[in-house]
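Let's walk through this model together, starting with one chain and ending where the chains meet.

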Amino acid sequence: MSDLIVTTNNLSKSFGDVQAVRGVTFGIRRGEIFSLLGPNGAGKTTTISMLSCLIEPTSGDALVDGHSIRGAPQAVKEVIGVVPQEVALYQSLSAHENLLFWGQMYGMNGNILRQRIAEVLQTVGLADRAKDRIETYSGGMKRRINIAVGLLHRPRLVFMDEPTVGIDPQSRRNILDTVKTLNEQGMTVLYTTHYMEEAQELSDRIGIIDHGELIALGTQEELSQLVGQEDVVELRITEMQVTPALLQALEQASGVRQVNAGDGAVSLIVEDGHAALPELIATSNRHEARVTGVSVREPNLEAVFLHLTGRALRD
Amino acid sequence: MKKALLIGLKDLIIVARDRTALLLMLAAPFALALGLGLVTGRFSGASETPIEEIPVVIVDQDGQQLSQALVEVFNSADVATLLDPAAESDPAAARAAVDDERAAAAVIIPPGFTDSIIPREDGVPGPVVPIEIYADPARKISSSVVQAVVQQFLARVESGVVAGQVAVSQLLEHNLITPEQAVTVGQNVGLDAAQSNESLVNLATETLSGEDEAREFDVMAILAPGFAVFFLMFTVTNGGRSLLDERTDWTLQRLLTTPTSMTAVLSGKVIGIFLAGFAQMVILILGTTLLFGLYWGDLRAVIALIAATVLGATGWGMLLAALARTPNQVNSIGTALMILFGILGGSFAPSANFPAALQSLRLITPNAWALDGLAVLALGGTMVDVGQTMLALLLMALLLGGVAVFILRHKQVFF
């Protein structure tokens with residue numbers, strides 16, 4: 001059996017003139033958590049949609065557990081579980097009724113299905129709310145049942161498309177812990193997110209995707225080395241005070257490799273963050289930009305993204 | 001097939017839990033039929049009476065041979081089951097009886113009626129005085145019957161006058177009577193003709209099933225099926241919209257990431273729409289039968305016709321879903337179609353008086369076929385009598401459904 005449960009080969013998808021995914025090639029090892037990290041609109045959902053045989057690639061192909069997504073889509077669907085970004089549940093049905101229906105769509109029935117429903121409800125911590133209609137659930141609870149549906153038929157591989165969007169921190173914590181537990185039990189996970197922290201916490205390997213292209217792939221250490229030993233300095237400055245002249249002046253400060261403004265802050269990749277800080281603040285003062293907060297971080301995925309694209313991950 | 005059935009049942013459960021949908025599917029047609037039944041007097045007994053024992057008031061202000069002959073016609077045994085005459089001396093009171101809906105019509109024979117037809121001693125008839133028929137406009141059929149009786153009588157009188165004239169001229173020519181006797185002879189011939197025992201009215205009732213008694217006319221028999229089929233279009237529109245709702249909610253996409261084929265998904269949608277529509281119609285039929293005492297016809301034939309109707313309507317629902325881009329579009333177009341089909345199909349008013357072009361156009365609606373077929377069954381028809389109707393509805397379902405499936409399978413439905 002191949003070590004790789006997923007291999008994509010130059011996978012591309014166009015919608016009219018828009019190239020949503022361009023020549024994406026990567027592999028996912030059995031038993032790992034692989035994250036696709038990128039901002040909104042980067043092509044993460046389109047990539048997952050192709051791998052789950054929801055849409056046909058414009059070009060390229062992929063193998064999922066040895067089955068081609070073009071040639072054997074039904075076989076692919078048998079082995080994967082999908083947790084879409086949307087809460088894809090029937091709101092007027094109860095959690096139990098939803099799980100019953102979806103399990104039947106996976107070809108399960110009888111006692112096996114009923115038993116499995118009980119197990120997944122335990123896994124996501126909602127066994128006591130099984131008979132309640134989904135429309136009565138909080139957002140976090142809905143997302144947990146959304147995940148439960150994807151696990152019903154014990155898939156070897158589960159695709160999770162931004163499963164924590166728009167939920168409270170406690171529910172997010174619960175979901176992340178669930179993902180780790182599933183992985184410890186042997187499940188391979190393809191996890192997409194635009195939250196760097198999630199990718200850092202969960203992933204064995206990370207693929208960074210932007211504008212439909214896979215721009216970097218590796219472990220966190222491997223990716224961090226792309227930016228070397230540089231630090232990320234973040235200056236919190238009111239947006240109105242961030243002028244082109246200020247940005248130019250900061251670029252010219254010693255040790256500064258890259259400057260980016262957005263989201264109420266100016267992010268700089270700097271050789272030595274602590275050493276450069278006094279000059280950076282002074283430059284800001286000279287340009288009448290009041291610095292309300294400062295942070296110096298060691299290289300992380302945010303820095304990697306910034307280094308590779310010139311933009312912050314959350315732009 | 002099993003997955004398609006499961007999808008259809010899931011949709012039926014969802015519809016059953018949608019209060020707004022249930023209101024429009026069940027409560028609205030009942031309420032409308034009930035309301036219009038009240039307006040038309042269906043429940044007060046003041047509405048159109050059956051064609052028997054029609055109450056009619058006779059006022060004989062003439063009191064002579066011909067007026068008395070007419071009164072005798074109304075009181076004769078031949079029309080005893082058809083008419084229920086009452087004598088009245090005051091024309092105003094007679095008209096009041098009609099206004100108060102105690103009588104369907106008043107026949108007022110003015111003074112001088114007999115003299116206007118039969119010549120007097122001097123051989124000259126009096127001035128023309130018409131018989132007044134004061135009728136209730138809401139009782140068109142009953143008043144038409146009364147009018148027909150009077151007209152038949154007058155036709156007989158006229159033929160009697162002619163017969164009298166011919167007889168007198170012949171007798172005079174052959175010198176069998178004298179000119180002085182001619183007036184009397186002519187009067188007698190005419191009177192004999194007017195007072196003939198031959199029945200003026202032949203009432204024959206035919207039923208499709210050969211039953212001896214025809215069913216009474218019931219305004220609910222038009223209203224209830226009309227509204228039931230009208231609101232069926234809402235159900236199938238709702239069902240068609242659910243496909244686009246599932247796309248918006250991503251349950252459609254999720255379905256297609258399971259080992260479930262597009263064919264099963266679409267078949268499931270059709271099954272769901274059919275089950276909801278069929279259940280709706282069955283409930284409405286049962287409800288109107290129990291609440292309004294409505295007779296729909298031979299049960300097996302009604303069920304079969306309803307099933308065919310729902311299938312035909314389902315075809316339209318699926319076509320809507322295939323052509324529309326958003327759930328709101330389905331709603332807008334579906335509402336417009338629902339109203340148009342209701343008008344064309346005869347859900348609001350009988351289509352018998354439509355111009356020829358519309359008579360053809362209405363056949364694109366499931367309403368037209370269904371209501372025509374239900375009328376046949378309500379009048380005693382059998383499955384054979386509505387076979388062609390059912391075939392037409394099934395063809396409608398196949399054609400529209402086939403086009404819809406073709407469009408949906410080739411459409412990028414996901415993004």
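In chain B, residues 24 or more positions apart account for 78% of the contacts with a separation of 6 or more, a contact being heavy atoms within 4.5 Å. Chain B has 15 helices and four strands; these are DSSP runs, with helices (H or I) of at least four residues and strands (E) of at least two, numbered from the N terminus. Of its 415 residues, 47% count as buried, that is, under 20% relative accessible area with a 1.4 Å probe, protein chains only.

Before going further, please keep in mind that this is a predicted model, where local features need pLDDT of at least 70, side-chain atom pairs count only at pLDDT 80 or more, and totals for chains, interfaces and linings use all residues. Residues are numbered from 1 along each chain as its sequence is written, chains are lettered from A and ligands numbered from 1 in the order in which they are written, and side-chain values use heavy atoms, with hydrogens and water left out.

Now look at the domains, whose bounds come from an automatic or database domain assignment. Chain B is assigned domain 1 (2-43 + 217-410) and domain 2 (54-194), and the C-alpha centres of these two domains of chain B lie 55 Å apart. Chain A is given domain 1 (4-224) and domain 2 (229-298), with 38 Å between their centres, taken over C-alpha atoms.

What does each chain bring to the contact between them? Chain A provides 32 residues and chain B provides 23 residues. About 2,500 Å² is buried between chain A and chain B, 65% of it from carbon and sulfur atoms; buried area is the accessible area (1.4 Å probe) that two parts lose on being put together, summed over both. Of the area that chain A buries against chain B, A:Leu54, A:Tyr90 and A:Met105 supply 27%, more than any other three residues.

One salt bridge is counted between chain A and chain B, meaning a side-chain nitrogen of Lys or Arg within 4 Å of a carboxyl oxygen of Asp or Glu. B:Arg17 forms a salt bridge with A:Glu97, and their closest N and O atoms are 2.7 Å apart. On the side of chain A that touches chain B, the elements giving two or more residues are β1 (4-15), α2 (73-79), β7 (80-83), α3 (95-105) and α5 (139-151) of chain A. Here α3(A) gives the most, with five residues.

Conventions. Buried < 20%, exposed > 50% of the residue type's maximum accessible area, 1.4 Å probe, protein only.
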